[in-house]
Amino acid sequence: MPLADVPISLLVVDDEEPIRNALKKFLTQQGYDVQTAAAGDEALRILQRQKISVLLLDVRMPGKSGIDLVPQVLELEPSVAILMLTAVNDATTAALCMQRGAMDYLTKPIDLADLARAILRAIRRRDSLVEQANLNQWLKEEVAVRTAELKRERAKLERISIATLEAMVNALEAK
């Protein structure tokens, strides 16, 4: 089951209609909001229009391959969790997909229970990465604010020190 009350959006990209339809039916039953695309260009158009959390991406498709699509997808939606689906179990292709930013590499025919677990793992990992990025951003902003405060306090102390020195010099000269 999806982790949130609002359905998590998935995009299934596969050039084989029976696979798209079967995955959409299963994932919709699991409580996900599922979109489908038959090709890479169609997937990119959907990603430009709508926020997608998880992408199930076929490796081999006519036109743009899933491998080539991974960096383009991440450029449009950096926090999307990408799971590669393929009929070919090839370690080199799997390594390349993971190197480019995919979170998992699953071979067809896929056991639906395994797919459901892989999606949940990817969502948890994605949420963790988003949370980490948000925390890093907050820390950067906090450091910038504190640094600015320290600079102001330092400048204030310098002015006070100079004023104190001037007062001491004036007092000495008055004697």
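How many of the 175 residues of the protein count as buried? In this predicted model, the share is 35%.

**View 1. The overall fold of the protein.** Here you can trace 5 helices and 5 strands, which follow one another from the N terminus as β-α-β-α-β-α-β-α-β-α. With a radius of gyration of 27 Å, well over the 16 Å that the globule rule gives for 175 residues, the protein is more spread out than a compact globule. Its C-alpha atoms fill a box of roughly 100 × 35 × 30 Å along the principal axes. Carbon and sulfur atoms account for 55% of an accessible surface of about 10,800 Å².

View 2. Look for Lys108 in the loop between β5 (104-107) and α5 (112-174). Lys108 has a relative accessibility of 18%, and because the cut-off for buried is under 20%, Lys108 counts as buried. Its side chain makes a polar contact of 2.7 Å with the side chain of Asp14. Beyond its sequence neighbours up to four places away, Lys108 also touches residues including Glu16, Ile19, Asp58 and Leu85.

View 3. Thr93, Ala94 and Cys97 are the buried residues of α4 (residues 91-100). They lie on the same side of the helix, because they cover an arc of only 100° around the axis. These buried residues pack against α3 (66-76), β4 (81-86) and β5. Turn to the other side of α4 and you will find Ala91, Thr92 and Gln99 exposed.

**View 4. Just past α4.** Gly101 follows the helix and takes a positive phi of about 125°.

Definitions and conventions. Residues are numbered from 1 along each chain as its sequence is written. This is a predicted model: local features need pLDDT of at least 70, side-chain atom pairs count only at pLDDT 80 or more; totals for chains, interfaces and linings use all residues. Side-chain values use heavy atoms; hydrogens and water are left out. Helices (H or I, at least four residues) and strands (E, at least two) are DSSP runs, numbered from the N terminus. Buried means under 20% relative accessible area, exposed over 50%, partly exposed in between (1.4 Å probe, protein chains only). A polar contact is a pair of N or O atoms within 3.5 Å; within protein, one must be able to donate a hydrogen and the other to accept it, and residues adjacent in sequence count only if both atoms are side-chain atoms. Contact means heavy atoms within 4.5 Å. The arc is that of the directions from the helix axis to the C-beta atoms. The radius of gyration is taken over C-alpha atoms; the globule rule is 2.2 Å times the number of residues to the power 0.38. Accessible areas come from the Shrake-Rupley method with a 1.4 Å probe; for residues, only the protein chains shown count as cover.
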